[in-house]
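I opened my notebook today to look up a few things in a protein model. Here are my entries, in the order I wrote them.

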Amino acid sequence: MEYFTTKKPIFLVPSDKCNEEFEKIDKFLSFLEETGVWKIIKNVKLKRNMCKGRKGYDPYKLFAVIIYCFAKFKASLRDIEDKCIFDIRVLYIMESNIPDHSTFGNFINDYIVPYQYEIFTIIVKHIIKKFNLIIEDAYIDGSKFEANANKYKFVWKPTKFHQKLDIKIKSLLRKMGYIDEANNKDLIKTDKFNSILKDYIYKNNIDIYNLPSGKGVRTTKEIKNYKLAYQYLIKLLEYEEKERICGENRNSYFKTDKDATAMMLKEDYYSKLSHDFHAAYNVQVLVSNLLIVMYGVYQDRADYYTFTPLYDNY
């Protein structure tokens, strides 16, 4: 290491350019102070002070750093952690404290996500008041943004498969002697089917821990029904879990990001290079006088269903 080894330690002295940046940051911090957003952070902090433990970082500084980095650098949590170490502007805000990425993640989940619309509204209202903006007219537009998930790991909602399985279960229930349950037009639920199976085991005295198996082994009709019913029960559990994750308003989700929906993005549509589905979110933005006054992140593939909830939030 003769040529690339550093031989002297470096001591950084803020230059005139740094002082100009520090003045901008001071204005940014004073603006956050004027908005009154600190009241929300203070209320959350009072609730969390009931938990005993070591003293944490200043939540107001953490909030300012997160807002600053998201606005200026489009940074991830690990990028914010790096900037707390190497970026003199972020060091200035944090007063040389260096939280790790998990600290920022926990802060976002505890302080920002539950109160995101309140925080956004307080800041936007202060901007409108400070600059005397007129927001009589508002315009809505949106786009689909790809999520950070594997595009080949999507799962379709098993609606038709569930209906076919229900037909098979009802046919088996008739063979097992449960005529009333088999004639029910509603889809049978897992807990109901499980209770029927337990009753069938009890009535026919089936030892589920010592079932005969292997070639040449004869089994009774009751044991065959039980084995088939058990397979149906496992598959029914799988379908109900997938339908629960999808919810009522969408037909797919991704294994690596269960909140994302399978969508066709604009770049695929216009380029004609691919017809693959991507994990994506439908982001809608409402703008007035060049200012974003409301936003919404949705799972709907079309904008038709997003207008009403976005308008209600506004």
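**Terms first.** I call a residue buried under 20% relative accessible area, exposed over 50%, and partly exposed in between (1.4 Å probe, protein chains only). This is a predicted model, in which local features need pLDDT of at least 70 and side-chain atom pairs count only at pLDDT 80 or more, while totals for chains, interfaces and linings use all residues. Residues are numbered from 1 along each chain as its sequence is written, and side-chain values use heavy atoms, with hydrogens and water left out.

**Entry 1: salt bridges.** Side chains of opposite charge can pair when their charged atoms come close. I count a salt bridge when a side-chain nitrogen of Lys or Arg is within 4 Å of a carboxyl oxygen of Asp or Glu. By this rule I get nine salt bridges.

I looked at Glu-21 and Lys-24, whose side chains meet in a salt bridge at 3.7 Å, N to O. They are three residues apart in helix α1 (residues 16–35), so about one helical turn separates them. For helices I take DSSP runs of H or I with at least four residues, and for strands runs of E with at least two, numbered from the N terminus. Glu-21 is partly exposed because its relative accessibility is 23%, whereas Lys-24 is exposed at 52%.

Next I checked Asp-166 and Lys-170, where the closest N and O atoms of the salt bridge are 3.0 Å apart. Both sit in helix α8, four residues apart, so again about one helical turn lies between them.

In helix α11, Glu-238 and Lys-242 are four residues apart, which puts about one helical turn between them. Their salt bridge has its closest N and O atoms 2.9 Å apart. I also noted that Lys-235, Glu-238 and Lys-242 are linked in a network of salt bridges.

**Entry 2: two packed helices.** How do α8 and α11 lie relative to each other? Helix α8 (residues 159–176) and helix α11 (residues 221–246) pack at about 155 degrees, with their axes 10 Å apart. I used axes that are lines fitted to C-alpha atoms, for helices over the stretch in contact, with angles from 0 to 180 degrees between N-to-C directions. Angles under 35 degrees count as roughly parallel, over 145 as roughly antiparallel, 65 to 115 as roughly perpendicular and the rest as oblique. Therefore α8 and α11 are roughly antiparallel to each other.

**Entry 3: positive phi.** Most residues other than glycine have a negative phi. I found a positive value, near 55 degrees, at Glu-95. Glu-95 is in the loop between α5 (88–94) and α6 (101–112), and it is exposed, with 54% relative accessible area. Phi of Asn-205 is also positive, near 55 degrees. Asn-205 belongs to the loop between α10 (190–203) and α11, and it is exposed at 71%.

**Entry 4: distances.** Ile-85 and Pro-99 are 14 residues apart in sequence, and their C-alpha atoms are 9.1 Å apart. I placed Ile-85 in helix α4 (residues 77–86). My other pair was Ala-262 and Asn-210, which are 52 residues apart along the chain, with 44 Å between their C-alpha atoms. Ala-262 lies in strand β4 (residues 261–263) and is buried at 0% relative accessibility.
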